[in-house]
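Here is a friendly briefing to read with the sequence and the 3D view open side by side.

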Amino acid sequence: MFGRDAIEYKTREQVQAMRRAGLVVADAHAAVREAIRPGLTTADLDEVAARVIEAAGATPSFLGYHGYPATLCVSVNDEIVHGIPGERVLEPGDVVSVDCGAIVDGWHGDAAFTVVLPDADPADVALSDTTERAMWAGIAALATGERLGVVGEAVEDVVASAPVTYGIVQEYVGHGIGSAMHQPPEVLNYRARGKSPKLRPGLCVAIEPMLTRGSRTTQVLEDDWTVVTEDGTRAAHWEHTVAIGPDGIWVLTAADGGAEQLARLGVQVAPWD
């Protein structure tokens, strides 16, 4: 199951189990999207996702992970990732990133999205839209690339083509995923020298660019979890879990497998059924 580079390559049956976990994450995301509005607390969103995961007979990936105390990560405004749900009340115009993971039969799914609450600042909407486009470009690159480094190249190209300058967070990157939530290899969101792992069937990765409206420099708050922008600018985070099969790629945490978004980029989804 493991290659020489310590990457866990999945079988068809294992990828199908990850798909089941991914669909639980997709359902949790859908429920949170429907519920989210100004006036709710971030803990309210956590409860919504927890109910969906429990009803599906799955287990939250995050709860208890290295002591993490919640089902979701909910990061608001200058919080980039790993925001702990609590008593914070969502306000109009907030930028809210929601990260969720679930386990089914020992296999993980992991995905994140960002929403800008009304009344939205157009600059915040553009930030989220660019981050989402960068994620899908990175995913699409897996369909034709030879090595994993194509993801970072695609993400960086989208960010570079934006009409304004964004910071690409570098301390926190994508990752392998499967029987554990975080596995080799790292999936960078920027160009890097050196050879990256070859793309081959059975590789499953979480693609997750994080962009800021200012500097890419980050710091961690006193709770030892919440990562914020050092300059106080707002951030966005998008993520999906993707499998490479013998005939192409499959977005395990998208309800339609990624078909609609990837079709716009000229890529067909190839479920490993």
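In which helix is the place of Thr-131? Thr-131 is found in helix H3. Please keep in mind throughout that this is a predicted model.

- With a relative accessibility of 0%, Thr-131 counts as buried.
- Setting aside residues up to four places away in sequence, Thr-131 touches Pro-209, Met-210 and Leu-211, as well as Ala-236, His-237 and Trp-238.
- Thr-131 and Trp-238 are 107 residues apart in sequence, yet their C-alpha atoms are 6.4 Å apart in space.

**Gly-145, between two helices**

- Gly-145 belongs to the loop that lies between helix H3 (122-144) and helix H4 (150-161).
- This glycine, Gly-145, counts as partly exposed, at 23% relative accessibility.
- Beyond its neighbours within four places in sequence, Gly-145 is in contact with Val-150 and Leu-199.
- Gly-145 and Thr-114 are 31 residues apart along the chain, and 27 Å separates their C-alpha atoms.

**Helix H4**

- The 12 residues of H4 should span 16 Å at 1.5 Å a residue, and the end C-alpha atoms are 17 Å apart, which agrees.
- Which residues of H4 are buried? They are Val-150, Val-151, Gly-152, Ala-154, Val-155, Val-158 and Val-159.

**Helix H2**

- For helix H2 (residues 42-55), 14 residues at 1.5 Å each should span 20 Å; the end C-alpha atoms are 20 Å apart, in agreement with that.
- Thr-42, Leu-45, Asp-46, Val-48, Ala-49 and Ile-53 are the buried residues of H2.
- Looking down the axis of H2, the buried residues fall within an arc of 160 degrees, so they line one face of the helix.
- As a reminder, an α-helix has 3.6 residues a turn, so residues three or four places apart point the same way.
- Arg-51, Glu-54 and Ala-55 are exposed on the other side of H2.
- The buried residues of H2 pack against helix H1 (12-35), strand E1 (59-60), strand E2 (72-76) and strand E4 (95-104).
- After H2 comes Gly-57, which has a positive phi near 75 degrees.

**His-29 in helix H1**

- His-29 lies in helix H1 and is buried, with a relative accessible area of 8%.
- Not counting residues up to four places away in sequence, His-29 touches Val-98, Cys-100, Ala-111, Ala-112 and Phe-113.

**Aromatic rings and charges over them**

- How many aromatic pairs does a search of the whole structure find? The search finds one.
- The pair is formed by Tyr-68 and Trp-225: the ring centres are 5.0 Å apart and the planes stand at 80 degrees, so the pair is edge-to-face.
- Tyr-68 lies in the loop between E1 and E2, and Trp-225 in the loop between strand E11 (218-220) and strand E12 (227-229), so the pair ties together parts that are 157 residues apart in sequence.
- Tyr-68 counts as buried at 3% relative accessibility, whereas Trp-225 is partly exposed, with a relative accessible area of 21%.
- Arg-33 has its charged end over the ring of Phe-113, 4.1 Å from the ring centre.
- Arg-200 has its charged end over the ring of Tyr-9, 3.7 Å from the ring centre.

**Cysteines**

- The count of disulfides comes to zero.
- Cys-100 is in no disulfide, and the nearest cysteine sulfur, that of Cys-73, is 9.3 Å away.
- Cys-100 is also buried, with a relative accessible area of 0%.
- Cys-204 is in no disulfide either; for this residue the nearest cysteine sulfur is that of Cys-100, 18 Å away.
- Is Cys-204 buried or exposed? Cys-204 is buried, with a relative accessible area of 1%.

Notes. Residues numbered from 1 in each chain as written. Predicted model: local features only at pLDDT ≥ 70, side-chain atom pairs only at ≥ 80, totals over all residues. Heavy atoms only, no water. Helix = DSSP H or I, 4+ residues; strand = E, 2+ residues; numbered from the N terminus. Expected span 1.5 Å × (residues − 1). Buried < 20%, exposed > 50% of the residue type's maximum accessible area, 1.4 Å probe, protein only. Arc of directions from axis to C-beta. Contact = heavy atoms within 4.5 Å. Phe/Tyr/Trp six-rings, centres within 6.5 Å; stacked < 30°, edge-to-face > 60°. Lys NZ or Arg CZ within 6 Å of the ring centre and 35° of its normal. Disulfide = S-S within 2.5 Å.
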